[in-house]
Amino acid sequence: MTMTSKPLAAIVLVVIFGGILFSSAMGWWATTSTKEPVTFTEGEFAGEANPADIRGSYTFGDISKSFDVTPEVLAQAFDITESDPAAFAVKELETIYADSGVEIGTTSVRLFVAYYIGLPFDTTGQEIYLPQSAADILLAKGNLTPEQVAYLEQYTATLGESAPVTEPQSAAEATPIPAETSSTTSEEYIIKGKTTFGELITWGVPQEVIEQIIGAPLPDPAMTVKDFASANGLDFETLKPALQAEADKVKP
Amino acid sequence: MVTLFGKRIRLFRPRSIWIRRVVQWFFFLLIAFISINHTLVENGGGISFFSSASLHAVCPFGGVETLYTFLASGLLIKKIHDASLVLAGIVLLLSILFGPVFCGWVCPLGTVQEWVGKLGKKIFKRRYNHFVPAKLDNVLRYLRYGVLVWVVYVTATTGTLIFEAYDPYFALFNFWSTEVAWSAIAILAVTLILSVFVERPWCKYACPYGAVLGITNLFRVFSIKRSELTCKADGACSIMCPMNIPVDTKKTIRDHQCISCLECTSEAICPVAKTVLFTSGGVK
């Protein structure tokens, strides 16, 4: 059978657009994300949404619909202080942390969500960085395996003294430093007004010691000691020496 | 055919496969509209009834890039959607039947290279598309397989669309966007400049998708075939071939670079009827 150009042109068009129509009818054609991650197909977590399928186009709100993590926790973890964290798109993180020296983006969110909920996530051969604030939340939650804690210690980036990120341009000034290269100087173990409970946990101050000093269960890890003191009618200057003494004990 | 001194004589006038140009224009405009509309939709505008898909979603090569990850975990890599896999399947089907018609008839980057090449043809005449020494050219033709292996490897190991930063196709339809890396724009610029000297330089030497589809030339159903009985060996088919395939020395074209443009056939440049054919059967 010999083919000339006109039938060939017709066949090319029919096969391409016919194929698209057919795949649409079969439900296979998707040019945008459904905002619903695929589920694990086997094993202990079969049927649960898989964090590895979180896309850059998802908002924190989309993630919270599929996973048991609120937009507010995600916003705290990634230092986002927008008024509506549910509307924040994950892909914006790459822009916000563009000048950080390490990549913090969609993969970071996938890792955070998986560790936060306790779902499996393969990090083999990958260097996935999380901001210090995200690591603090995960460590404070206390459901990580020793391997996961070790991974976090290796790939945690710490923001400097900059304010929480609200806009990409201001975020560019905040330069995360990989934990393994950032010095754990004694300066970082000084309790200040901005010091959070998550930081205390990260330094190595035992949770039960903190709870004993503050006389209450460990609050939200993103909460500062000063805010906790104010909220509970306590004097920050009273709590500070006791916590500082514990911080000094674990100081390298 | 004209009748002269009582004899019917066929006057030869080189023709081109005009319908191919129409199809190329159609897909170029379609992809351009999709890409522009995507940008407009992201900025709160756009045409609602027209597809606002991203360029990645309507590129069949995305299906190749994500294939390993898809088979290994059932997931797609970032920015790639189901549509890319569907298109990859459709293009593979077309290629098994007709060879890389996607390259010769559909791919807008190939089309743009051809447009720029017209300028080269006007400037250099017969020297056009014959600047690269044959030995070097033969080696460079396999470079695209190296690019393919690299793309598949880094995509599989990183799970991200690494090639985006080097993809001239993405740069062509997104040069106005901040998403495009300078490396991609630079590669696009080099490709367009080289197109003045060489026909389809990206396709010949670097395109990883062309490398994949080129393999189907080895076993496709419809092939370019030349009748040795009627061939006048004038070399017109070889001169016309944009991919510099020596059609006049072969009976069946199984060259991995053929793009099924049909420009070498008796429907176009070959002056003898039924001599160079695009057929599934044999020729005498």
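Student: Which are the buried residues of H6(A)?

Tutor: Please keep in mind that this is a predicted model. The buried residues of H6(A) are Gln132(A), Ser133(A), Ala134(A), Ala135(A), Asp136(A), Ile137(A), Leu138(A), Leu139(A) and Ala140(A). Because 9 of the 10 residues of this helix, which covers residues 132–141 of chain A, are buried, H6(A) is largely enclosed by the rest of the structure. After H6(A) comes Gly142(A), which has a positive phi, near 75°.

Student: How many of the residues of H4(B) are buried, and which helices do those buried residues pack against?

Tutor: The general idea is that an α-helix has 3.6 residues a turn, so residues three or four places apart point the same way. In H4(B), 12 of the 17 residues are buried, so this helix too is largely enclosed by the rest of the structure. Among the buried residues are Leu87(B), Ile90(B), Val91(B), Leu94(B) and Phe98(B). The partners of the buried residues come from both chains: helix H1 (5–26) of chain A, and, within chain B, helices H2 (61–65), H3 (67–73), H5 (101–106) and H12 (208–214).

Student: What span should H4(B) have, and how far apart are its end C-alpha atoms?

Tutor: At 1.5 Å a residue, the 17 residues of H4(B), residues 82–98, should span 24 Å, and the end C-alpha atoms are 24 Å apart, which agrees. Just after this helix, Gly99(B) takes a positive phi of about 80°.

Student: Is Ala171(B) buried or exposed, and with which residues is it in contact, leaving aside its neighbours within four places in sequence?

Tutor: Ala171(B), found in helix H9 (residues 168–172) of chain B, counts as buried because it has 25 C-beta neighbours inside 10 Å, where the cut-off is 20 or more. Beyond its neighbours within four places in sequence, Ala171(B) is in contact with Val180(B), Ala184(B), Ile185(B) and Leu188(B). The C-alpha atoms of Ala171(B) and Ile187(B), which lie 16 residues apart along the chain, are separated by 8.7 Å.

Note on methods
Residues are numbered from 1 along each chain as its sequence is written. Chains are lettered from A and ligands numbered from 1 in the order in which they are written. This is a predicted model: local features need pLDDT of at least 70, side-chain atom pairs count only at pLDDT 80 or more; totals for chains, interfaces and linings use all residues. Helices (H or I, at least four residues) and strands (E, at least two) are DSSP runs, numbered from the N terminus. The expected span of a helix is 1.5 Å times one less than its number of residues. Two residues are in contact if their C-beta atoms, placed from the backbone, lie within 7 Å.
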